[in-house]
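Colleague: I'm new to this one. Could you walk me through how to read it?

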Amino acid sequence: GHTVSIEGKELSLTPKEYNILCYLIKNKNIAISRENILSNLWGYSFFGDDRTIDTHIKKLRNNLGKYRNLIQTVHGVGYKFELK
């Protein structure tokens, strides 16, 4: 299965949260638009608001706890997973 652990503790992520996290990590330090995330993870046939990404990111950040700030909001663009 797909699991994510932080400091030995397994996180309880939904499949979409897991996919978003993997996509952001795969493209670390690159700002990715909401539209890009939607088209790559939901597919082009998704009929809905791109703000659904914001909801998933909020839940994902809550699951990441003290590491929540690794997912940065890039105003006017979308999000990035930032490792310094």
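This is a predicted model: local features need pLDDT of at least 70, side-chain atom pairs count only at pLDDT 80 or more; totals for chains, interfaces and linings use all residues.

Colleague: Okay, how many helices and strands does the chain have, then?

Modeller: The chain has three helices and five strands. Going along the sequence, they come in the pattern β-β-α-β-α-α-β-β.

Colleague: And the overall form? What radius of gyration would a compact globule with 84 residues have?

Modeller: It would be near 12 Å, and the chain has 12 Å, so the two agree. Along its principal axes, the C-alpha trace spans about 35 × 30 × 20 Å.

Colleague: How much of the chain counts as buried?

Modeller: Buried means under 20% relative accessible area, and 35% of the 84 residues pass that test. As for the surface, the chain exposes about 5,600 Å², with carbon and sulfur atoms supplying 50% of it.

Colleague: What should I look for on the inside?

Modeller: The general idea is that nonpolar side chains in soluble globular proteins tend to be buried together. Here, the largest nonpolar core has 20 residues, and L13, I20, L24, I37, I57, L60 and I71 are the ones that touch the most other members. At least two residues of this core come from each of α1 (15-26), α2 (34-41), α3 (52-64) and β5 (78-81). The largest share, five residues, is from α1.

Colleague: Take L60. Which residues does L60 touch, leaving out those up to four places away in sequence?

Modeller: L60 touches L13, E17, I20, L21 and I71.

Colleague: Is H56 buried or exposed?

Modeller: H56 has 18% relative accessibility, so it counts as buried. H56 lies in helix α3, and, setting aside neighbours within four places in sequence, H56 is in contact with K16, E17, I20 and W42.

Colleague: And where is N63 found?

Modeller: N63 is in helix α3 as well. At 27% relative accessibility, N63 counts as partly exposed. Not counting residues up to four places away, N63 touches L11, S12, L13 and E17. Look at N63 and L11: they are 52 residues apart in sequence, yet 6.6 Å apart in space, C-alpha to C-alpha.

Colleague: What about N69?

Modeller: N69 sits in the loop between α3 and β4 (71-74). With a relative accessible area of 55%, N69 is exposed. N69 and L13 are 56 residues apart in sequence, and their C-alpha atoms are 17 Å apart in space.

Colleague: Last one: how many positive and negative side chains are there?

Modeller: There are 13 positive and 8 negative side chains, and the centres of the two sets lie 4 Å apart.

Conventions. Residues are numbered from 1 along each chain as its sequence is written. Side-chain values use heavy atoms; hydrogens and water are left out. A nonpolar core is a set of buried Ala, Val, Leu, Ile, Met, Phe, Trp, Tyr and Cys residues joined through side-chain atoms within 4.5 Å. Buried means under 20% relative accessible area, exposed over 50%, partly exposed in between (1.4 Å probe, protein chains only). Helices (H or I, at least four residues) and strands (E, at least two) are DSSP runs, numbered from the N terminus. Contact means heavy atoms within 4.5 Å. The radius of gyration is taken over C-alpha atoms; the globule rule is 2.2 Å times the number of residues to the power 0.38. Accessible areas come from the Shrake-Rupley method with a 1.4 Å probe; for residues, only the protein chains shown count as cover. Lys and Arg count as positive and Asp and Glu as negative; His and the chain ends are not counted. The place of a charge is taken as NZ of Lys, CZ of Arg, CG of Asp or CD of Glu.
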